[in-house]
Amino acid sequence: MKNEDGSAALEFITVGLILLVPLVYLIATLGIIQEQTLGVEAAARHTARLIAQASDPESAGDRGEQVLAAVVEEYGLDPESVEVSLVCTPVGAECPAAGATLTVTVRTRIELPLMPSVLGLDESTAIPVEAASVQKISRLWAGG
């Protein structure tokens with residue numbers, strides 16, 4: 001008969017660490033993904049709303065850039081990877097224009113934490129995130 005005093009505690013600690021480290025990484029990663037996703041959604045929504053409420057095209061552009069910069073900073077988005085596109089319908093109308101429907105789409109890529117840049121792992125594991133917001137611009141916008 002072998003003496004196994006103390007081996008259960010050692011096995012418990014070893015198995016606990018093996019299971020705990022991936023669990024902590026998963027929770028941290030999901031938190032980062034959720035934060036960045038909410039940031040992209042907020043950027044699209046607030047940018048569309050402020051452009052639609054601006055008094056003229058010049059102030060619309062300025063206000064849109066200001067709110068986008070504020071949201072990027074607040075949610076910790078990478079300013080280099082944030083892409084914004086504006087589309088107005090009906091097609092062919094100047095964007096933004098009175099009476100148009102404005103669609104603001106914001107895209108970014110979320111890099112997973114602790115991914116090395118060796119062999120491009122950081123880029124290949126990045127998660128693309130996109131959000132869009134639609135606002136109707138008043139027919140009376142900018143004296144239209």
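Let's start with Val 82: leaving out residues up to four places away in sequence, Val 82 touches Leu 68, Val 72, Leu 77, Val 106, Arg 107 and Thr 108. Here, contact means heavy atoms within 4.5 Å. This is a predicted model, where local features need pLDDT of at least 70, side-chain atom pairs count only at pLDDT 80 or more, and totals for chains, interfaces and linings use all residues. Residues are numbered from 1 along each chain as its sequence is written, and side-chain values use heavy atoms, with hydrogens and water left out.

**Confidence**
- The protein has a mean pLDDT of 86, and 93% of its residues reach 70 or more; pLDDT is the predictor's confidence in each residue, from 0 to 100.
- Confidence is highest in E3, at 94, and lowest in helix H3 (residues 121-124), at a mean of 82.
- Those labels come from DSSP runs, numbered from the N terminus: helices (H or I) have at least four residues and strands (E) at least two.

**The nonpolar core**
- Val 82 turns up again here: along with Val 40, Leu 102 and Val 106, Val 82 is among the residues with the most contacts inside the largest nonpolar core, which has 28 residues.
- H1, H2, E2 and strand E3 (127-136) each supply at least two residues of this core, and H1 gives the most, with nine.
- A nonpolar core is a set of buried Ala, Val, Leu, Ile, Met, Phe, Trp, Tyr and Cys residues joined through side-chain atoms within 4.5 Å.
- As a general point, nonpolar side chains in soluble globular proteins tend to be buried together.

- Val 72 sits in helix H2 (residues 57-75) and counts as buried because its relative accessible area is 10%.
- The cut-offs are under 20% relative accessible area for buried, over 50% for exposed, and partly exposed in between (1.4 Å probe, protein chains only).
- Apart from neighbours within four places in sequence, Val 72 is in contact with Leu 77, Pro 79 and Val 82.
- Thr 105 belongs to strand E2 and is buried too, since its relative accessible area is 10%.
- Not counting residues up to four places away in sequence, Thr 105 touches Glu 83, Val 84, Ser 85, Glu 130, Ala 131 and Ala 132.

**The largest pocket**
- The largest pocket has a volume of about 160 Å³.
- Residues lining this pocket include Ile 32, Gln 36, Thr 108, Arg 109 and Ile 110.
- Helix H1 (7-53) and strand E2 (101-110) are the elements that give two or more residues to the lining, and E2 gives the most, with three.
- A pocket is an open set of points on a 1 Å grid over the protein atoms alone, where a 1.4 Å probe fits, with protein on both sides within 12 Å along at least five of seven lines; lining residues have an atom within 4 Å of a point.
- Grid points are joined across faces, edges and corners, and the volume is the space filled by probe spheres set on the points.

**Loops and backbone**
- Thr 89 and Pro 90 are joined by a cis peptide bond, with omega about 10 degrees.
- Pro 90 is in the loop between strand E1 (83-89) and E2.
- Leu 114 lies in the loop between E2 and H3, and its phi is near 65 degrees, a positive value in a residue other than glycine.
- Leu 114 counts as exposed because its relative accessibility is 77%.
- Leu 119 is in the loop between E2 and H3, with a positive phi near 60 degrees.
- Leu 119 is exposed, with a relative accessible area of 85%.
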